[in-house]
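Hi,

Here is the structure I promised to pass on. Have a look at it first, and my notes on what I found follow below.

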Amino acid sequence: MIEGELVRLRALERSDLPAVVRWMNDPEVTKYLLSAPLYGLEEMEQWYNDHRGSDDRLLAMLDERGEMVGYCGITRLEWEERRCNLWLIIGERNAWNHGYGTDTVRTMLRYLFEEVNLHRVYLTVDEENRRAIGVYERCGFRREGVGRSARFKNGRYRNDVTMAVLREEWNP
Ligand SMILES: CC(C)(COP(=O)(O)OP(=O)(O)OC[C@H]1O[C@@H](n2cnc3c(N)ncnc32)[C@H](O)[C@@H]1OP(=O)(O)O)[C@@H](O)C(=O)NCCC(=O)NCCS
């Protein structure tokens with residue numbers, strides 16, 4: 001369990017997957033996601049098993065009442081370079097704009113820099129996902145570049161922004 005100011009993060013359990021399936025089939029939630037396969041429960045269990053057999057980490061985000069509002073994780077953990085990719089999804093739409101995303105990113109960065117001893121945390125976000133980019137900038141991420149027309153989604157090509165924060169420039 002990792003404690004933030006608003007959220008608590010714990011390992012994602014198999015029993016959490018029905019909620020994840022519901023969120024991943026909500027077009028409002030998946031609108032800006034780079035990848036949002038229309039998985040059913042069986043495929044989601046396969047995805048979960050694949051992650052468990054790797055260095056990836058999947059975490060459930062709990063609000064102050066202990067309700068799961070979303071999930072987050074790290075992928076591509078590379079020990080030699082001391083870097084990883086961070087992602088998060090708040091699936092309960094009524095939990096948006098309450099500070100949970102910001103608190104989750106801050107909490108994960110503290111954990112990844114101070115406990116795991118990483119040097120660089122990076123991510124990729126749809127250029128039009130203003131709310132997400134605002135959260136990442138508030139937490140210290142800087143834009144590093146744009147992948148022009150990097151993905152085709154909802155009928156057109158979209159730009160992807162790569163962002164990263166280094167440990168020495170991170171200000172908890
Ligand atoms: C994008 C996402 C992670 C952002 O998380 P969030 O919890 O909604 O964002 P926050 O509440 O931390 O910040 C958003 C706004 O709420 C405001 N806010 C922050 N703390 C707050 C609080 N305690 N109470 C009320 N509002 C607050 C922030 O100021 C911010 O406003 P601004 O950016 O207009 O200034 C979340 O909306 C989400 O998961 N969306 C769907 C999936 C997605 O896009 N994931 C990201 C893929 S890269």
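Starting with the ligand: 20 residues surround it, and the closest are I90, G99, G101, T102 and G134. The elements that give two or more residues to this shell are β5 (83-90), α4 (100-115) and α5 (130-138). Of these, α5 gives the most, with four residues. By type, the shell divides into eleven nonpolar residues, eight polar and one charged. Bear in mind that this is a predicted model.

Now to α5 itself. A132, V135 and Y136 are its buried residues. Looking down the helix axis, they fall within an arc of 95°, so they line one face of α5. What does the buried side pack against? The buried residues of α5 meet α4, β6 (120-126) and β8 (156-166). On the face turned away from there you'll find the exposed R130, R131, G134 and R138. Just after the helix, G140 takes a positive phi of about 105°.

Next, β5. This strand has a covered face made of C84, L86, L88 and I90, while R83, N85, W87 and I89 are on the uncovered one. In a regular strand the side chains alternate between the two faces of the sheet. β5 is paired with two strands. Seven bridges join it to β4 (residues 68-78), antiparallel, and T75 has N85 as its bridge partner. These two strands form a hairpin with four residues between them, where R82 in the turn has a positive phi of about 50°. Three bridges join β5 to β6, and this pair runs parallel; here the bridge partner of C84 is V121. Together, β5, α4 and β6 make a right-handed β-α-β unit.

Most residues other than glycine have a negative phi. N97, in the loop between β5 and α4, has a positive phi of about 65° although it is not a glycine. N117 also has a positive phi, near 65°, and is placed in the loop between α4 and β6. Are these two buried or exposed? N97 counts as exposed because it has 10 C-beta neighbours inside 10 Å, where the cut-off for exposed is 12 or fewer. N117 counts as exposed too, with 10 C-beta neighbours inside 10 Å.

Cheers

Technical notes. Residues numbered from 1 in each chain as written. Predicted model: local features only at pLDDT ≥ 70, side-chain atom pairs only at ≥ 80, totals over all residues. Near = placed C-beta within 6 Å. Nonpolar A, V, L, I, M, F, W, Y, C, P; charged D, E, K, R; others polar. Buried ≥ 20, exposed ≤ 12 C-beta atoms within 10 Å, placed from the backbone. Arc of directions from axis to C-beta. Contact = placed C-beta atoms within 7 Å. Pairing = 2+ DSSP bridges. Right-handed = clockwise from strand over helix to strand, strands pointing away.
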